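Work through the exercises below with the sequence and the model open side by side. Each task is followed by a solution in steps.

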Amino acid sequence: MIVAIMAPRSGKTSGLAIPAILAAPGPVLLTSNKAANDAFTATVDARAEVGTIWTLDPQQIAHHPREMWWDILADARDLAGAKRLAGHFVAASVDESNGSDFWSTAASNTLGALFLAAASHRRPITDVLAWLASPADRTPVDLLTDAGHDAVAAQLQGTVSGATETRDGIYETARQYASCLLDPDVAAWVTPAKDLPEFKPFAFATSRDTLYLLSKDGGGSASAIIAAAADAVMRAAVVVAERSGGRLDPPALCVLDEAANVCKISDLPDLYSHLGSRGVIPMTILQSYRQGQRCWGEAGMDALWSAATVKIIGSGIDDADFADRLSRQVGDHDVQTTSVSTSDGGKSTSVSMRTERILPPDAIRALPKGKALLLATGIRVAMLDLRPWYKEPSAKVVGPASARATKAITERAIAKTHGRDDFGLSA
Ligand SMILES: Nc1ncnc2c1ncn2[C@@H]1O[C@H](COP(=O)(O)OP(=O)(O)OP(=O)(O)O)[C@@H](O)[C@H]1O
Ligand SMILES: [Mg+2]
């Protein structure tokens with residue numbers, strides 16, 4: 001279970017994500033906020049040779065045509081699942097540091113109730129949007145009662161029939177959380193489509209397929225969908241592993257590149273402890289320890305950090321406390337110092353031992369690009385030379401493949417703009 005922390009442009013994708021994906025023996029999941037000349041283009045050809053490629057590109061980062069759909073409500077058929085799904089939408093819009101106030105908690109509960117109402121009757125997620133738009137609509141309350149979720153129905157009824165200002169405030173907050181689904185082009189990826197293949201997380205776990213989850217970052221982006229999909233895949237993989245002797249063989253690799261930007265799974269630290277020993281290998285890639293704290297809170301980031309059995313720290317660590325902590329973990333060594341003193345009686349030499357940091361904090365902060373510290377369970381800290389894909393022999397194949405895939409993205413983008421008139425309307 002891997003957590004990697006490296007500054008922007010320091011080789012996270014080229015030195016960690018891409019080599020790991022190219023070497024993966026089983027299914028692979030990648031989250032990313034970039035398409036051209038990044039992990040998607042560098043690995044898509046090689047992965048297409050071993051299994052099916054599933055690309056979930058709701059915001060058209062790679063201008064990828066919609067060739068699949070995924071049932072975002074599949075796991076929301078029980079209350080816990082519906083709450084988790086609502087949590088992904090909240091996390092994508094709110095930082096852990098903003099705390100959870102009345103409005104966000106109430107909005108999250110309401111969203112969870114609406115997801116449950118839709119999921120338990122196999123209604124599409126677009127129905128949830130319609131209910132959000134008209135809080136007076138009694139349909140979701142009736143659906144919940146119908147499905148035996150009386151307590152949730154009563155709670156939702158309480159919200160709906162409460163003071164108008166409060167109700168409207170809660171619904172407005174919930175609408176903001178779910179705003180990415182207002183775009184029909186985004187919602188289509190997670191709504192049943194008869195003529196397209198459905199991505200099924202359980203089948204994926206035992207396949208050698210690849211799931212690319214692409215999204216822009218920032219509020220209003222589709223990152224909630226990305227986080228929900230990654231969460232669903234990892235949880236399904238654990239269930240499949242438990243059913244088949246405890247471990248997935250070959251293991252599933254889940255590369256959460258730009259995790260804090262596009263894949264804010266709030267309980268990722270807990271999830272890490274479930275994934276261990278199940279043959280599901282998460283690789284969470286962050287730009288700084290702080291970025292992790294902003295996303296999962298201080299305690300959450302500490303939990304994630306301790307749950308990781310393999311920690312990789314690259315160049316550009318700009319956080320003095322973190323550098324000092326690492327320096328202490330690397331440890332001390334004894335250095336021999338010789339001092340010579342001269343006096344009337346002649347020269348005298350004395351040898352003494354002094355304890356010094358092996359790697360002082362300033363040396364950690366000055367780690368050059370391409371170097372990384374490895375903290376793995378059971379071994380002393382090691383200094384690594386990263387091996388970015390473009391310096392490997394296989395670059396002869398991967399380089400041109402990545403260039404081709406990047407060119408295809410550009411062509412799809414151009415084709416789209418040509419299909420529109422000056423007003424941006426489809427011809
Ligand atoms: N094909 C290539 N050939 C030579 N150098 C490359 C190549 N691809 C990337 N690099 C170098 O590696 C650096 C880091 O690239 P990479 O995208 O892996 O970093 P990153 O840490 O993932 O960045 P970001 O934070 O933007 O995601 C680039 O600035 C570039 O100098
Ligand atoms: Mg990157």
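**Exercise 1. Pairing around strand S12**

Task: Find the residue of S12 that is the bridge partner of Ile313, then follow the pairing of S12 to its other neighbour.

Solution. 
Step 1. The bridge partner of Ile313 in S12 is Leu373. Strands here are DSSP runs of E with at least two residues, helices are runs of H or I with at least four, and both are numbered from the N terminus.
Step 2. This bridge belongs to the pairing of strand S9 (residues 310-313) with strand S12 (residues 371-376), which run antiparallel and are joined by 4 bridges. Two strands count as paired if DSSP finds at least two bridges between them.
Step 3. S12 also pairs with S13, in the antiparallel sense and over 4 bridges. Leu374 stands opposite Ala382 in S13.
Step 4. S12 and S13 form a hairpin with 5 residues between them, and Gly378 in the turn has a positive phi of about 85 degrees.

The model is predicted: local features need pLDDT of at least 70, side-chain atom pairs count only at pLDDT 80 or more, and totals for chains, interfaces and linings use all residues. Residues are numbered from 1 along each chain as its sequence is written, chains are lettered from A and ligands numbered from 1 in the order in which they are written, and side-chain values use heavy atoms, with hydrogens and water left out.

**Exercise 2. The open sheet**

Task: State the strand order of the open sheet of 9 strands and name its edge strands.

Solution. 
Step 1. The order is S3-S6-S2-S7-S8-S1-S9-S12-S13, and the pairing is mixed.
Step 2. Strand S3 (53-56) and strand S13 (382-385) are the edges, since each pairs on one side only.
Step 3. On average, neighbouring strands of this sheet are turned by 15 degrees against each other, direction ignored. Axes are lines fitted to C-alpha atoms, for helices over the stretch in contact, and angles run from 0 to 180 degrees between N-to-C directions.
Step 4. Helix H11 (residues 223-243) packs on the sheet and touches S2, S3, strand S6 (210-214), S7 and S8; its direction makes about 155 degrees with that of S6. Contact means heavy atoms within 4.5 Å.
Step 5. H13 lies across strand S1 (2-5), S7 and S8, and runs at about 150 degrees to S8.
Step 6. A parallel pair is formed by strand S2 (residues 28-32) and strand S7 (residues 252-256), over 4 bridges. There, Thr31 has Leu256 in S7 as its bridge partner.

**Exercise 3. The surroundings of ligand 1**

Task: Which residues are closest to ligand 1, and how much of the ligand does the protein bury?

Solution. 
Step 1. Ligand 1 is surrounded by 14 residues, the closest being Arg9, Lys12, Thr13, Ser14 and Lys34. A residue is near a molecule if one of its heavy atoms lies within 4 Å of it.
Step 2. Polar side-chain atoms lie 2.8 Å from an oxygen atom of ligand 1 in the case of Lys12, and 2.5 Å in the case of Ser14.
Step 3. For Lys34, an N or O atom of the side chain is 2.8 Å from an oxygen atom of ligand 1.
Step 4. Ligand 1 taken alone exposes 630 Å², of which the protein buries 71%. Accessible areas come from the Shrake-Rupley method with a 1.4 Å probe; for residues, only the protein chains shown count as cover.

**Exercise 4. A second hairpin**

Task: How many bridges join S10 to S11?

Solution. 
Step 1. Strand S10 (residues 332-343) and strand S11 (residues 346-357) run antiparallel and are joined by 12 bridges.
Step 2. Thr342 has Lys347 in S11 as its bridge partner.
Step 3. The two strands, S10 and S11, form a hairpin with 2 residues between them.

Definitions and conventions:
Polar contact = N/O pair within 3.5 Å; in protein donor to acceptor, adjacent residues only side chain to side chain.
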